[in-house]
Amino acid sequence: MSYTLKSICYHSEQRNILLQNENGPCPLLAAANALLLRGLIHLPTHCVKTSLASIDDVVNMLAERALRSSSSSSSTTSDQTQSADSTDNNSNTNNNDNNDDTNDDSREYQINELLSLFPSLQYGMDVNPKLAAGPTGVEYTKNMTAFDLMGVELVHGWLVD
């Protein structure tokens with residue numbers, strides 16, 4: 001499957017977005033377009049030249065974003081742990097090493113889950129909004145991990161027709 005690109009002006013800058021081939025839910029394109037508009041991911045040169053992006057191109061862009069995002073949060077967590085260690089004379093280095101290992105294992109698990117979820121996100125995703133929690137309130141599911149790792153916040157809203 002491939003998606004056509006469209007060039008638009010967004011905040012006075014030219015950006016490429018991905019278009020759906022047919023009407024229906026596509027959280028994969030929603031996430032990709034949100035990140036493309038923010039300038040956080042970029043389409044490969046061959047996609048821009050041909051004005052087409054394959055599902056593999058889209059999944060690879062999003063996976064790379066999630067990996068970068070995960071590694072930067074990992075280094076931030078590690079930096080914060082090291083900073084706390086240097087100010088705490090009673091810290092136990094072995095405990096902090098175990099915490100880093102646990103965090104790395106957790107991130108690796110989340111990334112593996114994300115990579116297994118990506119192909120299904122081209123067809124849709126179940127989201128259970130918690131209306132009493134406001135527009136960002138949703139029941140947490142493993143599908144939500146994908147958006148968390150990519151740094152895309154889901155917002156629930158209704159359009160009046």
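**Stop 1: a charged pair**

Start by selecting Glu 13, which is partly exposed, with a relative accessible area of 42%; here buried means under 20% relative accessible area, exposed over 50% and partly exposed in between, with a 1.4 Å probe and protein chains only. What do the side chains of Arg 15 and Glu 13 meet in? They form a salt bridge, 2.9 Å from N to O; the term stands for a side-chain nitrogen of Lys or Arg within 4 Å of a carboxyl oxygen of Asp or Glu. The structure holds one salt bridge. Side chains of opposite charge can pair when their charged atoms come close.

A word on what you are viewing: this is a predicted model, in which local features need pLDDT of at least 70 and side-chain atom pairs count only at pLDDT 80 or more, while totals for chains, interfaces and linings use all residues. Residues are numbered from 1 along each chain as its sequence is written, and side-chain values use heavy atoms, with hydrogens and water left out.

**Stop 2**

Select His 11 and Ser 12. His 11 sits in the loop between β1 and β2 (13-18), and Ser 12 lies in the loop between β1 and β2 as well. Helices (H or I, at least four residues) and strands (E, at least two) are DSSP runs, numbered from the N terminus. Check the backbone angles here: phi of His 11 is near 50°, a positive value in a residue other than glycine. Ser 12 has a positive phi of about 65°, although it is not a glycine. Most residues other than glycine have a negative phi. His 11 counts as exposed at 63% relative accessibility, and Ser 12 counts as exposed at 72%.

**Stop 3: the whole fold**

Zoom out and switch to a cartoon view. The secondary structure comes to five helices and three strands, and along the sequence the pattern reads β-β-α-α-β-α-α-α. Buried residues make up 33% of the 161 residues in the protein. Among contacts between residues at least 6 apart in sequence, 56% join residues at least 24 apart; contact means heavy atoms within 4.5 Å.

**Stop 4: the nonpolar core**

Next, select Leu 18, Leu 28, Leu 43, Val 58, Leu 62, Phe 118 and Met 150, the residues with the most contacts inside the largest nonpolar core, which has 34 residues. Such a core is a set of buried Ala, Val, Leu, Ile, Met, Phe, Trp, Tyr and Cys residues joined through side-chain atoms within 4.5 Å. β1 (2-10), α1, α3 (55-87), α4 (93-117) and α5 (142-150) each supply at least two residues of this core, and α3 gives the most, with seven residues. In soluble globular proteins, nonpolar side chains tend to be buried together.

Which residues does Leu 62 touch, not counting residues up to four places away in sequence? They are Leu 28, Ala 31, Ala 32, Leu 35, Ile 41, Phe 118 and Met 150.

Move on to Val 59 in helix α3. Val 59 is buried, with a relative accessible area of 16%, and it touches Leu 28 and Phe 118, not counting residues up to four places away in sequence. Draw a C-alpha to C-alpha distance from Val 59 to Leu 115: the two are 8.3 Å apart in space and 56 residues apart in sequence.

**Stop 5: helix α5**

Select α5, which is mostly covered, with seven of its nine residues buried. The buried residues include Asn 143, Thr 145 and Phe 147. Asp 148, also in helix α5, is partly exposed, with a relative accessible area of 46%. Its C-alpha atom is separated by 10.0 Å from that of Gln 110, 38 residues away along the chain. Just after α5, Gly 151 takes a positive phi of about 80°.

**Stop 6: the largest pocket**

Finish with a surface view. About 270 Å³ of space lies in the largest pocket. Of the 15 residues that line the largest pocket, select the closest to its centre: Val 127, Glu 153, Leu 154, Val 155 and His 156. On a 1 Å grid over the protein atoms alone, where a 1.4 Å probe fits, a pocket is an open set of points with protein on both sides within 12 Å along at least five of seven lines, and lining residues have an atom within 4 Å of a point. Grid points are joined across faces, edges and corners, and the volume is the space filled by probe spheres set on the points. Helix α1 (residues 27-38) gives the most to the lining, with four residues.
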